Structure formats: structure tokens, C-alpha cells
Amino acid sequence: MGQQHPDDLPERLAAIVGARHVLTEADVRAGYETDWTGRYHGRARCVVRPADTAEVAGVVRACAAAGAAVVPQGGNTGLVGGATPRGGEVLVNLRRLDALSPVDLAAAQVTAGAGATIAAVQGAAAAAALEFPVDWGARDSATVGGAIATNAGGSRVVRFGTMRQQVMGVQAVLADGSVVDDLSGLPKATMGLHLPSLLSGSEGTLAVVTAARLRLVPALARRAAAWVALDSVGDAVSLLSQLRGLPSLDGAEVLLADAVGVVADEFGLAPPAGLDAPVAVLVDCAAANDPAEELAGVLSEHRGALATGPQRDHLLAIRDHVSLAINRRGVPLKLDVAVPVDRLAGLVDVAQRAAHDVDAALYAFGHLAEGNLHLNYVGTTDHAGRVTDAVLSWVVAAGGAISAEHGIGQAKTAWIERARGPAAIDALRAVKRALDPAGLLNPGVLLP
Ligand SMILES: Cc1cc2nc3c(=O)[nH]c(=O)nc-3n(C[C@H](O)[C@H](O)[C@H](O)COP(=O)(O)OP(=O)(O)OC[C@H]3O[C@@H](n4cnc5c(N)ncnc54)[C@H](O)[C@@H]3O)c2cc1C
């Protein structure tokens with residue numbers, strides 16, 4: 001098919017999805033064109049909201065024919081500008097693809113549309129006495145498609161792995177509008193490259209995910225948490241060695257004092273009295289039987305508090321509110337890095353020094369077990385590059401990851417080659433060229 005006149009594109013798209021699902025007015029587009037942090041803004045040619053896979057395929061085909069770039073978007077909770085248009089792309093929002101199949105109890109799986117929220121999947125699993133084991137604060141808005149595209153992590157990775165480990169099958173629209181459809185969910189199928197793995201972490205650059213077959217796990221009815229007050233990051237790492245021996249360990253979140261303080265100031269959510277400390281670790285445990293006994297064993301050696309029921313919910317709410325509280329202090333520079341756990345204390349030193357050098361506030365928290373810290377700098381307006389260079393150079397030299405779970409987006413493209421090396425980047429580019437030769441899927445994201 002020859003290239004069609006690009007000016008006709010909104011009308012062509014309207015013929016596929018219905019005129020009221022093609023948004024062209026600037027004020028209606030605005031909410032889709034800015035990211036959650038307020039750091040990234042862009043202009044889309046239009047926002048398209050298809051209802052099903054056939055409509056997504058039609059939209060992508062029409063864009064390919066017009067030579068128009070596509071930015072896929074789910075819940076728009078990403079933190080690296082990956083779902084924000086850069087200039088004139090067609091923004092394809094997948095939220096209307098939110099269907100959920102009945103839970104397949106024999107397989108312990110569910111099929112979810114790309115636009116289903118993580119909370120909706122968790123709810124469907126819970127109604128069947130199962131769990132969907134990926135969880136994080138943006139669960140009510142973040143979607144299955146976005147979670148696959150970013151290979152989302154969250155607080156339970158220590159036990160269940162990232163999104164990649166939960167995706168048993170995918171359905172996706174390729175750059176030419178063709179549909180790859182593998183929602184069988186077979187745990188064993190050795191028939192060449194594994195598409196769910198290929199698309200996990202691809203950030204909308206290889207295909208538009210339209211549905212996924214997701215793994216569910218047995219529900220663990222008994223839960224208990226502990227807030228452990230510690231003097232240093234080194235102490236947190238020692239505690240982690242002890243926690244690794246707990247069969248019920250479900251999460252180990254680390255918060256430096258400033259991150260705890262900002263939640264208390266902005267939302268009035270504070271840890272139990274007497275537990276102020278330079279470093280806190282929020283340990284969450286889940287088991288079929290009461291895990292409180294295992295946690296009590298840990299607390300016998302540390303200053304901390306055990307919590308179940310509403311008290312546990314309160315501790316988890318502190319953690320869930322950190323990003324929201326930081327946003328109230330200004331538009332943060334967000335660095336989401338991971339290092340081998342024995343380098344965590346060194347990372348915190350470097351991060352604090354970078355904040356001090358430019359007189360910025362630093363709020364640090366993250367996922368202890370994966371050596372993953374979210375470093376949020378507020379007040380770096382003129383120095384974002386300097387802070388980023390200082391921290392990411394150190395992380396690369398320490399053998400770490402410049403993005404642990406948020407992705408590269410448009411925020412970190414300048415760094416990916418240094419982090420992964422030229423041979424790996426050549427391989428990623430070759431895959432991109434093979435699947436999207438015209439470079440129309442999310443250009444400018446992930447690869448520079
Ligand atoms: C308060 C808060 C806490 C967070 N905590 C965590 C955390 O602990 N762990 C974590 O991993 N993340 C966290 N995040 C980041 C974010 O929620 C995740 O990255 C999430 O996976 C994004 O999902 P989304 O549907 O909002 O995707 P979007 O933001 O809409 O898009 C993200 C990326 O995925 C692509 N994309 C979206 N949908 C599709 C699709 N159907 N097909 C192909 N590509 C697609 C986009 O192009 C973009 O590159 C947090 C965010 C917030 C706001």
C-alpha cells in the first residue's frame with residue numbers, strides 16, 4: 001500500500017474507532033500529554049482510544065500507511081516519560097481494553113485486556129481465592145499492558161519476581177498491524193523465542209500489547225508486617241541476610257529518614273512512636289499460617305514494631321504514599337537504580353553527596369532485597385544533569401542498573417549504551433529494526 005495523505009489520518013482513525021474516541025482538541029488531549037510527575041509534556045497529533053484488538057490493529061495499520069509514529073499509553077503512571085508524546089505522534093490509549101476472563105482455576109491463570117488495571121486483576125484473583133502477586137502504589141491506575149511494557153516490579157519481587165515472570169502469554173499488534181496471538185498460557189512450550197519475554201520491558205517500541213495471560217498464585221491469608229528502625233544502610237543489608245531465611249518473606253522495603261518524614265508531613269502518616277531512625281525497613285510477611293512468629297524472632301534482635309490487621313495497613317500506607325508526598329514538594333528528578341546489595345551503602349553516600357553539592361533535597365526509598373533505590377531529588381532545576389551524571393556514573397561502575405523497574409523511557413536514553421555496552425545495544429537495535437523497520441513504534445524511547 002502506498003503512503004496515504006497524512007492530513008486524512010484523524011478521519012481514517014475515526015472510521016475505525018468512532019469519532020468520539022479520536023481526541024483532537026488541545027484541552028481534551030492535555031491529560032494524556034503530561035506524565036504523572038509533571039516533568040514530561042508533549043503534543044500528540046491526536047489521542048485514539050480503541051475498544052478491542054481489531055481496532056488497535058486497524059489504528060496501527062492506518063498509522064503505518066500514513067507514516068505516522070505511535071505512542072502506546074496505558075494508565076499513564078510511568079515515571080520516565082515513555083508514554084508522553086514528543087511531537088505530533090498518534091497517542092494510542094489502551095484503557096478501554098479492560099476485559100478480564102473468568103479465572104481459570106485449574107491453570108491458576110487469568111486473561112486480561114491490556115487496559116485492565118493491576119487492581120482489577122488483583123480483585124479478580126482474590127475473588128477466586130488466588131492472588132496476582134505483582135503490587136505497587138499505582139495499582140489503581142497502572143495497566144497490564146503498561147506493566148508488561150515496563151517489566152514492572154514493586155514490593156513483592158523478592159518472592160514472586162517481576163511482571164516478566166507472571167506473563168504466560170501475550171496478544172500484541174506489530175508495527176505493520178498484524179496480530180501475534182498466544183494466550184494459551186502453556187507453562188511448557190519450547191517453540192522458539194518466547195514473545196512474552198521479548199515484550200517485557202520493550203516500552204512500546206516493539207509492539208502494542210492488547211492482552212495477556214497472567215499467572216496467579218495461591219492466596220496467603222495470614223499477613224504480618226514489621227517496622228524495623230536501624231542506624232545505617234549497612235545495618236539494613238545485615239538485616240536482609242537474616243530475612244532471606246524467612247519462608248514467609250513477601251517484601252522488604254527500605255526508607256531513609258527524609259522519605260519517612262515527607263509522608264508524615266504531607267499525609268500525617270507516621271511510623272509507631274519511638275521508631276524514628278536514619279533508616280527504616282518495612283518487612284512484610286505472608287503465609288497460610290500466622291507469620292507473626294517468624295517476624296517476632298527477627299524483632300527480638302532489633303528495635304521495631306510488629307503489626308497485623310489495620311496496623312499493618314497503616315505501615316504499608318506510609319510506603320504507598322512516599323511518591324505522592326514527594327510530588328507535593330515539587331517536580332522531582334527521579335533516578336531508579338539497582339546495585340548489588342553490598343554496594344547499597346556506597347550508593348547512598350554518593351546520592352547524598354550529589355544532593356549536598358547542588359543544595360537539593362533527597363528522598364530515598366526502595367526495594368531492599370533487589371538493591372533497588374528510588375532517588376528523588378527536589379530542587380535540582382538547574383543541576384539535573386550534574387546529579388544524574390554523578391549518580392549514574394557510579395552505578396554503572398558498580399555494575400548496577402541505571403533503571404531497575406521504571407524503564408528507560410525518554411529520560412535515560414543518553415545512558416543506556418554506557419550501561420549495557422555497544423554489543424548489547426546493537427542487538428537491541430537489530431531486534432527493533434526487524435520488528436519495526438520504519439521506526440514508528442514509540443520513537444525516541446528506550447533507544448536513543
Ligand atoms: C505512585 C507510583 C508508584 C510506583 N511504584 C512503582 C513500583 O514500585 N514499581 C514499578 O515497577 N513501577 C512503579 N511505578 C511506575 C508505573 O506505575 C509502572 O511503570 C507501570 O507499569 C506503568 O503502567 P501504565 O499502565 O501506567 O503505563 P504507562 O505509563 O501508560 O506507559 C508506560 C510505558 O509502557 C508503554 N505501554 C503502555 N501500555 C502499553 C501497551 N499496551 N503496549 C505496549 N506498550 C505500552 C508506554 O508506551 C510507556 O513506554 C510507580 C508509579 C507511581 C505513580
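These legends walk through close-up views of one predicted model. Residues are numbered from 1 along each chain as its sequence is written, and side-chain values use heavy atoms, with hydrogens and water left out. Because the model is predicted, local features need pLDDT of at least 70 and side-chain atom pairs count only at pLDDT 80 or more, while totals for chains, interfaces and linings use all residues.

View 1. Helices (H or I, at least four residues) and strands (E, at least two) are DSSP runs, numbered from the N terminus.

View 2. Look for pairs of N or O atoms within 3.5 Å. A backbone N or O atom of G78 sits 2.7 Å from a ligand oxygen, and one of G153 sits 2.8 Å from a ligand oxygen. From the side chain of H367, an N or O atom is 3.5 Å from an oxygen atom of the ligand. The ligand taken alone exposes 970 Å², and the protein buries 97% of that (Shrake-Rupley method, 1.4 Å probe).

**View 3. The seven-stranded sheet.** This open sheet runs in the order β14-β11-β13-β12-β16-β17-β15, with antiparallel pairing; two strands pair if DSSP finds at least two bridges between them. At its edges, β14 (303-307) and β15 (333-338) each pair on one side only. Neighbouring strands are turned by 15° against each other on average, direction ignored. Five bridges join β11 (222-230) to β14, and W227 stands opposite A305 in β14.

**View 4. Helices on that sheet.** Helix α8 (233-243) lies across β11, β12 (249-256) and β13 (279-287), at about 15° to β13. Helix α14 (384-397) touches β15 and β17 (372-378), and its direction makes about 0° with that of β15. Contact means heavy atoms within 4.5 Å, and angles run from 0 to 180 degrees between N-to-C directions of axes fitted to C-alpha atoms, for helices over the stretch in contact.

**View 5. The four-stranded sheet.** The order in this open sheet is β1-β2-β4-β3, and the pairing is mixed. β1 (22-23) and β3 each have a single partner strand, so one side of each is left without a neighbour in the sheet. Two bridges join β1 to β2 (44-48), antiparallel, with L23 partnered by V47 in β2.

Methods
Polar contact = N/O pair within 3.5 Å; in protein donor to acceptor, adjacent residues only side chain to side chain.
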